[in-house]
Amino acid sequence: MGLVSAAALGLALAGCQDQGEVDPASEAVSGALSPDGRQYLAQPLVSEIYTADPSAHVFDGKIYIYASHDIDAGIADDDLGNQYAMRDYRVLRMGKIGGPVTIGPVALDVEDVPWASQQMWAPDAAYKDGTYYLYFPARDKTEDKNGLGAFRIGVATSKNPMGPFVPEPDYIPGSFSMDPAVFTDDDGTSYMYFGGIWGGQLQRWKDGVYDPNGSDTDLMQDDQPAIPAKVVRMNADMKTFAEPVRDAVIVDEDGNPILGGDHDRRFFEAAWVFKRGGKYYFTYSTGDTHYVNYAIGDTPYGPFTYKGHILEPVQGWTSHHSIVEWDGKWWLFYHDTQLSNQNHLRNVKVTELKFNEDGTIPTIDPFLP
């Protein structure tokens, strides 16, 4: 059955504090069916605003979800991602899974970021020594062949996990592409994972230098190793990289890199790393085949051996997630398009994530049988 029942959804909506926005989907109910007649596994956590790309963290005994704030800018779908025209962030807070959800005020607006021009895409957050760090991708003010900026990754800080956050005056030196995710290991060392092909522009950095006239999709090299996500150790200030950026390579069981033509297994975007049983789980989206996958490694740098699908395709084109341990269980936060049935207007959900005895993960179907 769905994790968030009709009663829990009602509590969540009643507990939201929406800072004045009109509910874009007040008709959402737990009995709603997908356009093809299937029943959803879980229900949206909030319906007052559209939310996506959830990065969940447990801070001070509560769950905070750092998500994209989707808006309808009237832009048609394209491979560059122009329809994803998000311009600010709103943090969600939960005291427990299935309980009321609070929507925070604007945590950061693109107009407050000196170097950014548009598109505040999937963020993440971290905490260290009394300060909360918000990591976010946005386009800079250069122009490529499409008249669009290059994606860079910025950082902003606050003493409150819900913000407001104050951005640094420039992006993180050496950063590029999108989808930052920061993992802190048991020894306190933090690592950032990032990158995405197609609209995320990772394919334009194949030689380590940005090509503004490069491919809009990938390198069209199906028989070569797939473009990998990136990983880098963070400095103690949590605002800069401590080393050159490395490749986070995904390999098969024989140790061979996953190939670019293997769209069911290759990395596309949405890296997220967690640690369990002494192993590092590198999780990610396959993009155009719409899976959330996982691979396991022995170090934060990998290589990571491909293991399987975590989540079958959701409703909508994109799939983006996070995984967090809470109250003795593991939880998968993800999004779909239940409220709008439009690719760029999404809603965050959560369901329990289980593990087999050998550490592998049973695949989750976002719809009920």
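**A strand and its partners**

Guide: In strand β17, L311 is the bridge partner of V292. This is a predicted model, and V292 belongs to strand β16, which spans residues 292-297. Strand β16 and strand β17 (residues 304-311) are paired in the antiparallel sense, over five bridges. The two strands form a hairpin with six residues between them, and G302 there takes a positive phi near 85°.

Strand β16 also pairs with strand β15 (residues 279-285): six bridges join the two, and they run antiparallel.

Let us now consider how β16 is covered. Six of its six residues are buried.

We may turn next to the charged side chains. Side chains of opposite charge can pair when their charged atoms come close. The count of salt bridges in this model comes to 19. In one of them, R204 is joined to D216, with the closest N and O atoms 2.7 Å apart. R204 and D216 both lie in the loop between β10 (190-194) and β11 (229-233), 12 residues apart. R204 has a relative accessible area of 4% and is therefore buried, since buried means under 20%. D216, by contrast, has a relative accessible area of 22%, so D216 is partly exposed. R204 and D216 also belong to a network of salt bridges that links them with D144 and K145.

A further salt bridge is formed where the side chains of K230 and D247 meet, at 2.5 Å from N to O. This pair links distant parts of the chain: K230 is in strand β11 and D247 is in strand β12 (residues 246-248), 17 residues apart. K230 has a relative accessibility of 13% and therefore counts as buried, whereas D247, at 41%, counts as partly exposed.

Finally, E352 forms a salt bridge with K354, and their closest N and O atoms are 3.3 Å apart. E352 has a relative accessibility of 24%, so E352 counts as partly exposed.

How values were computed. Residues numbered from 1 in each chain as written. Predicted model: local features only at pLDDT ≥ 70, side-chain atom pairs only at ≥ 80, totals over all residues. Heavy atoms only, no water. Buried < 20%, exposed > 50% of the residue type's maximum accessible area, 1.4 Å probe, protein only. Helix = DSSP H or I, 4+ residues; strand = E, 2+ residues; numbered from the N terminus. Pairing = 2+ DSSP bridges. Salt bridge = Lys/Arg side-chain N within 4 Å of Asp/Glu carboxyl O.
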